[in-house]
Amino acid sequence: MISRQAVLCHQVLRRLQSVAQDSTKIEKETWDEILRFLLAVNDILLAPPSKKDDMGSHLCERILTALFEVWLLACDRCFPSPNLWKTLRELCCTWRHRGALVEQWNRTNLFLTSAMLRLILVLPFAALPEEEVPSAVSELSGEQLAQAWYRFLHLLGNPVDLCRPEVVSQGFYGLLEEADCIMDPSQSPCLAALPHIFHRAMAGIATLVDAFLGATVFLLTHAVIEMVVWAIRHKVGCHEATCV
């Protein structure tokens, strides 16, 4: 039964992504509804408490990919309102027990950071080969890119909280009550993967730091080379003047 429902969900998501990607005449109200729909779908399937082999487990990666990719498209076509960004951030903080969220977050941050480095340096340096960066990111204007990069970077709140079950589970109380589940939210089985999720988040942040450090080294090296070239030219010029 779950398998059949999963196939249907895949078809709906594929069609929605196709509409968002191919249509050039979607108005702001429609974009807002598309994003709200994806937020609602993700929240229904990903919100705690999660169970092994439930629908959310089967579709977690797929629906998060659809949400983030369509959101990036919206950043280019009709930048989401602050309220939508706030909703996305709040919901993402309730999905932090899902490892796929951090993986998708890392992936999107790397795409945006790569584009940011190209924008800042105006040089052929990037954390990723240009062909690997989605067209939705490549087509963002400077302002759109800066806004999207900053907002995506802060989607999960403080990454250190991922090693604190009592913090991650703060939004679980109401959901556990609705499920008639009596337990300390911080002891929920769905939090068992938090150590691994924390590790993956830190690894993703380290990759971004390495990218910026690499950019710094690149700039310093470029500056040193220019200074050496200038010194050589200056020395040669002085030598020629002396000979004359």
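Student: How many of the 23 residues of helix 3 are buried?

Tutor: A residue counts as buried under 20% relative accessible area, as exposed over 50%, and as partly exposed in between, with a 1.4 Å probe and protein chains only. Helix 3 is mostly covered, since 18 of its 23 residues are buried. Please note that this is a predicted model, in which local features need pLDDT of at least 70 and side-chain atom pairs count only at pLDDT 80 or more, while totals for chains, interfaces and linings use all residues. Residues are numbered from 1 along each chain as its sequence is written, and side-chain values use heavy atoms, with hydrogens and water left out.

Student: What is a helix here, and how many helices and strands does the chain have?

Tutor: Helices (H or I, at least four residues) and strands (E, at least two) are DSSP runs, numbered from the N terminus. The chain has 10 helices and 0 strands. Of its 244 residues, 40% count as buried.

Student: Where does helix 3 bend?

Tutor: A bend at a residue is the angle between axes fitted to the seven residues ending there and the seven starting there. In helix 3, the bend is about 40 degrees and lies at Glu-61.

Student: At what angle do helix 2 and helix 4 pack?

Tutor: Two packed helices are described by the angle between their axes and the distance between the axes. Axes are lines fitted to C-alpha atoms, for helices over the stretch in contact, and angles run from 0 to 180 degrees between N-to-C directions. Helix 2 (residues 28-46) and helix 4 (residues 82-94) pack at about 10 degrees, their axes being 11 Å apart. Helix 2 is therefore roughly parallel to helix 4 (under 35 degrees; over 145 is roughly antiparallel, 65 to 115 roughly perpendicular, and the rest oblique). Contact means heavy atoms within 4.5 Å; among the residues making this one are Leu-35 and Leu-39 of helix 2 and Leu-88 and Leu-91 of helix 4.

Student: Which residues of helix 4 are buried?

Tutor: Leu-84, Trp-85, Leu-88, Leu-91, Cys-92 and Cys-93 are buried in helix 4. The buried residues of helix 4 pack against helix 2, helix 3, helix 5 (99-121) and helix 7 (142-153).

Student: Is Trp-31 buried or exposed?

Tutor: Trp-31, which lies in helix 2, is buried, with a relative accessible area of 2%. Leaving aside residues up to four places away in sequence, Trp-31 touches Ala-20, Ile-26, Val-70, Leu-73, Ala-74, Arg-77 and Cys-78. Trp-31 and Leu-73 are 42 residues apart along the chain, and their C-alpha atoms are separated by 9.7 Å.
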